[in-house]
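Hi there,

Here is the structure I promised to pass on to you. Have a look at it first, and then read my notes below.

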Amino acid sequence: MRGTDFISELEAAVDGALIGRHLDVVDPWLEIAADKLLETCRWLKDLCEIRFDGLQCITAIDWFEPDPKKAAKVEWEPHTEVIYHLWSTKARASLVLKVKLPRWQGNEEGKIPELSSVVSVWRGADWHEREVFDLSGVQFNGHPDLRRILCPEDWDGYPLRKDYEMPLEYHGMRGR
Amino acid sequence: MSQILDDDQRIIEFDVRTDEMLVNMGPQHPSTHGVLRLVLRTDGEIVSEMEPHIGYLHRCAEKIGENLTARQWIPYTDRMDYLAAMNMNLGWSLAVEKLLRYQVSEKAKHLRVLIVELNRIASHLVGMGAYGLDLGTFSPFLYAFREREKILDLFEEVCGARLTYSYITVGGMTADLPPGWLQRCEAFLDQFEPIIQEYHALLTTNAIFVKRTAKIGVLSPEMAIDYGCTGPVLRGSGVDIDLRRDGESIYTAMYDGYAFEVAVMKNGHYPRDHEYPAVPRDAILGDCWHRFFVRMLEVVQSMDLIRQSIDRYSQCKGALGEPLKLAEKLPAGDTYLETECPKGQMGFYLVTDGTSIPWRVRARSSSFSNLAVSPELCRGCLIADVPAIVGSLDVVMGEIDR
Amino acid sequence: MAEFLIETIGLPIWLAWTCIAGLSAVLILNVIAGGALVFIWAERKIAARIQDRLGPTRTGGRFGWLQSLADGIKLLAKEDLMPDGADALLFRLAPYVSFCASFCAFIALPFAFDTVGQRLNVGVFFVVAVLGLEVFGVILAGYASASKWSLFGAMREAAQVVSYEVPLGMCVVVPVMLAGSMDLVTIGEKQAGWATNWFIFHDPFTFIIFWVYCTCAIASVNRAPFDLAEAESELVAGFHTEYSGLRWSFFFMAEYGSMFLVSALAAILFLGGWNGPIPVSELLGLSDGVSATDPFALRIVGCMNLFLKATAGVLLMMWIRWTLPRLRIDQVMTTCLKYCTPIAAAMFLGVMLWQLFLPGGLVAGSFRAAAGVREGWLEQSYRKESADEESLSVKTLSRHVFEVSR
Amino acid sequence: MNQASFGISVSLFASIDWHGFFFLLFAAIACVAALMVVLSNNVVRMALHLVLSLGATAGLFFLAGAEFVGAMQLMIYVGGTLVLLVFGVMLTAQTQLVSLRTPAGDRVIASILAAALLAVLVQAAFSIESWQKPGQGMVSAPTATPLGMALVGVRVDQHAEEGLLAPKSGYLLPFEIVSVHLLVVLIGAAYLARAKRRRVPRPVDLVASVDSVEPRSSGNSSTTILSGGSE
């Protein structure tokens, strides 16, 4: 059960989930629609013939070029991307899913993008999602307790965003 | 093999009902490994809720990675799991080489196996010693560090550093082995072999150690996989996964032709390539004792690997090969690679936009997921078990907080 | 001793008695305080040897023997902090309660035949009772330092010491039964002669009870596998987390004092106290075997014997401490309630039956064969010269009684 | 220190009847500590003063030559009961219980009752003539053996002759009954105070019938699922 028939089975199982496929790169990946993510993951873990029971890693990338000169030359427009690395412990197979989200909810500054949480599918996602929320600013709906995990609770701003400015002062400590 | 616990050892009916007490252990607590703060809600001696707080050692290595070239980021990988820096370097170098589709020389491959397995022994020694410290006995810690010093001397001869080596870089190694190093390494292995039995006598088969670790913090295989636990924690629960055999092709290629058994309990017994102490009667698969025992087996396994790699390395003709240029241009794209580090599977995710500086760098830490399971294991145990459980997960804070 | 001073030096009576009283007080206090200092140094050296390192070598001469002095000065110089939430009176009082309890037991502890602070007829009982008081100091310290962790330490310690008094008491009753009296001096004297007279070799049951006694002793002194109170890994430093400087050293001295006390008690109860393995003095005819009339010099040898045995006990405790990991609190309780107490009870029964049927003990060869169970039990060493106060001596009384009641 | 004053202090020193001095000291400690128990408002202080007072009574027993009873007092009361009492106090004296304010009204009533009881006791004490003259000092042979034999039935201290001929029944049986009775009471109390604890679900309970996850044919490296299609 390889490649194409896996993809066709995925499309059959969750319609409208698969938006793009990029198979000729070093690590082939599939692009999944944001609203269909939870359904896809549940299918991959429980119903798909190859049980993807291991969630290796959740990462968020901030595609945004701060200085205008370079921004002109760049072919993608600014967005936030959340990447899920899954693997199956039985079949020794790995899979990469990507979800594209707007940088800010409805494009107004300060409201972070929303995405459904996959903690109900893999318990391991709990801390990974908290880290993505903490460092890159992605709101995971349905997460048991979405709090900052690495930065202090009352830290503002999302450090791994490209346009992030270190605060001038934090509790009396000089920032910059 | 299902053993439902009849004598509910962990639920102890206490007559005196004291009120709930919120108690926190750390961050400067001597038993937690580094700056980890555990908040326990205890009722008398029983821990009803445990929540680890991390982030005290967060140095935002990933943000810095967005301004450095691939080779310049190597020293940051050293500081993640500072007890096994060589494995970290290897993981990052292989990820970049996978993106570049670059093959290192045969000699470099065998040298990498040698160095990485030696570092695994050093890391497991620290794990064993610190675990003895958690359970109250101080002596094994010193025996472990006495042996580790010898390994660090060997590393010092190779790359000049004792803890953060930055020796393995993208495209090979910064320097070849000094003359006579292989003989000294072999001498170390020969004198280290009998000492392993000492450690077994001191801890593994020690009645009180068994009493403190058997049946404590039992992690079922499904929960281990569900939480993304990897390495000795996963193998301690009986899941037969070791990336050196089941990993990505570029990583398993290094171990091609090496004979080694994965240290996991398969249908009731561990691999028998050496005579190991028997599993105590009341230890269940997945408890603290098994996690500790898997690490002790891996030390012996690594010694075999080192001996094989020494033979292969000395037979290789040809040059070691120079590492890539400092500002090597990276093709656009992204790649993710996991390698088998002593604490578990350490993954590096590299996203590039065509220049020599990566767009995004992400390190997936093994202890991060291993620690994520600890609140589940510590629910309902005694206060004295919390360091035993957290110690058996062998977490390193540098790797968790990055 | 006092007569010796009065006749030879001609001191007035009261001066002689005060000197003796002063001397014995100083002796006891210094022996223990000095002992504690030596044990501190010994602990560091032994721990080092076990862990394949050197331990203190530079302080004061070759083997770092001044290390304890250095520690003492450091502790004196350290500031005596007190946490603000602490209950001032209790916080200051706790170390001294613990210190006094541990040292007060030395009053009744005989070092040689009659060289004892105050010869109590209920010596053993008194020592065990006072040992139980030491837990007060710990409880008060735990509560007064107003920190959750020390409270935990104090609670654990209280639970442990109170529950370990039960098996300890049972183990102590066996030698009392064999010697027929609670007076430590009598117990010690009963084991004079060859080593085979020692109670540990009296019969298999006493041998086992000796080891049960050792376990309970280690537990009641909070050492090695049972040192829950200051389990560094969980409770930082247990009840004396908040203490520093001199106050902390009092806890330390109390611990070493009671360690020495417990091993000295073991030596007297089971290992023949001040009697050496071979009765050299009798063989050389220096004394007629009944140690009451020994010349004074022999008592010095007796003291040395007891010190050697007690120190061996302390070194054993140190050895165990640096090899074994720590037990969990419920395992400590289980060992006490499910292992030590039942075994002690069974052995007690065993010794009683043995005593009934084989009064001479395992090796009947001891030339001072104890008369019979009743006489042994009743034979008191207070055969007063002036028997007038007592209408009839208890010895005749006892034999008659049992004929009547049979 | 010249000879004269040395002489005086020494004679003073020798003339003090040590026995009386210590008796007064211990009695004073016992009474003051008992008072402090009543007066202090910090629960743990109360417990400490109780310990002091009972310890002083133990001292009195020793002074009176009753070593066995003194040691018994030390062990049972101070070493056992009070440890548990302090134990209990420590666990509960978290916040509200630490300082107890007794209203003035109760104090007055309490003092009246106490004074009445004291009067009765003092009157009774002075009415017994054998207690009039100060005691005749230490008992000659303070040993525990007569106690043991009294248990068995031989009352050595009383008229020794008849005691010998017709030994009355000793105290052994009542002694045993009382101890068994206490044991039953203790176990009952422990059972009643047992906290009904609901079972905390633990991961171990989820250990269903687990056969360790057997791997697929080992030896080949893991590949991405998507690459198969494109090669």
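This is a predicted model: local features need pLDDT of at least 70, side-chain atom pairs count only at pLDDT 80 or more; totals for chains, interfaces and linings use all residues.

In chain D, helix α8 (residues 172-192) has 21 residues and spans 31 Å from its first C-alpha to its last, close to the 30 Å expected at 1.5 Å a residue. That expected span is 1.5 Å times one less than the number of residues. Helices are DSSP runs of H or I with at least four residues, strands are runs of E with at least two, and both are numbered from the N terminus.

Residues are numbered from 1 along each chain as its sequence is written, while chains are lettered from A and ligands numbered from 1 in the order in which they are written.

Now to chain B, where three strands form an open antiparallel sheet in the order β1-β2-β3. β1 (20-25) and β3 (46-53) of chain B are at the edges with a single partner strand each, so one side of each has no neighbour in the sheet. Strands pair if DSSP finds at least two bridges between them; β2 (residues 37-43) of chain B is joined to β3(B) by seven. B:R41 stands opposite B:E49 in β3(B).

Finally, chain C has 15 helices and zero strands, and 47% of its 406 residues are buried.

Enjoy exploring!

Key. A residue is buried if 20 or more other C-beta atoms lie within 10 Å of its own, exposed if 12 or fewer, and partly exposed in between; C-beta atoms are placed from the backbone.
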